[in-house]
Amino acid sequence: MAVNDNLANALSLMLNNEKIGRTGCIVRPSFRLLREVLDILKQNGYVRNFEEIKDGKGNRISLSLTGMINKCGVIKPRFNVKLKDFERFERTYLPSRDMGMIILSTNAGIMTHKDAKKKNLGGKLIA
């Protein structure tokens, strides 16, 4: 039995399309977590626009890329992180101190690590 991580597949598809210079791609299937992660990426300027295409087979998302993604991927296993532990995970997963972002799931929703610090929240690391 094969286990697929659809979020990991979507992020690697985006990264590969950015590396070869494409300005867009189509991600399949569409699901709520992916749409929320893409919304965060759009707010931070990594994705220009995205729209869901309903096809009756799990739907697709059409993305417009900005060319700003250098590296992206999921964090496995999805570590629990407390407010005091953010510094350690930033050193591990970010290229430098104020560059990049970590996306995490909190009890207040999906957000970046910077927003979680401002709101004094911990959660599970996603990407």
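User: Which residue in β3 is the bridge partner of Ile26?

Analyst: This is a predicted model. In it, Ile26 has Ser62 as its bridge partner in β3. Strand β3 covers residues 60-65 and is joined to β1 by 4 bridges, the two strands running antiparallel.

User: What is the strand order in the open sheet?

Analyst: The open sheet has 3 strands in the order β1-β3-β2, and their pairing is antiparallel. At the edges are β1 (24-27) and β2 (47-53), each of which pairs on one side only. From one strand to the next, the twist averages 20°.

User: How many bridges join β2 to β3?

Analyst: There are 6 bridges between β2 and β3, which run antiparallel. One of the residues to look up is Val47, whose bridge partner in β3 is Leu65.

User: Which strands does helix α1 lie across?

Analyst: Helix α1, residues 6-19, lies across β1, β2 and β3, and runs at about 160° to β1. Helix α2, residues 32-43, also lies across β1, β2 and β3. The angle of α2 to β2 is about 155°.

User: Next, the aromatic rings. What describes a pair of them?

Analyst: A pair of aromatic rings is described by two values, the distance of the centres and the angle of the planes. This structure holds 2 aromatic pairs. In one of them, the ring centres of Phe79 and Phe89 are 5.5 Å apart and the planes stand at 35°, so the pair is tilted.

User: Which parts does the pair of Phe79 and Phe89 tie together?

Analyst: Phe79 is in the loop between β3 and β4 (80-81), while Phe89 is in helix α3 (residues 86-93), so the pair ties together parts that are 10 residues apart in sequence.

User: Is Phe89 buried or exposed?

Analyst: Phe89 has a relative accessible area of 5%; buried means under 20%, so Phe89 counts as buried. Phe79, at 30% relative accessibility, is partly exposed.

User: How many residues apart in helix α3 are Phe89 and Tyr93?

Analyst: They are 4 residues apart in helix α3, so about one helical turn separates them. Tyr93 is partly exposed, its relative accessible area being 34%. Phe79, Phe89 and Tyr93 form one aromatic cluster.

User: Which residue lies over the face of Phe89?

Analyst: Arg88 lies over that face, at 4.5 Å from the ring centre of Phe89.

How values were computed: Residues are numbered from 1 along each chain as its sequence is written. This is a predicted model: local features need pLDDT of at least 70, side-chain atom pairs count only at pLDDT 80 or more; totals for chains, interfaces and linings use all residues. Side-chain values use heavy atoms; hydrogens and water are left out. Two strands pair if DSSP finds at least two bridges between them. Axes are lines fitted to C-alpha atoms, for helices over the stretch in contact, and angles run from 0 to 180 degrees between N-to-C directions. Contact means heavy atoms within 4.5 Å. Rings of Phe, Tyr and Trp (its six-membered ring) pair if their centres lie within 6.5 Å; planes under 30 degrees apart count as stacked, over 60 as edge-to-face and the rest as tilted. Buried means under 20% relative accessible area, exposed over 50%, partly exposed in between (1.4 Å probe, protein chains only). A charge sits over a ring if NZ of Lys or CZ of Arg is within 6 Å of the ring centre and within 35 degrees of the ring normal.
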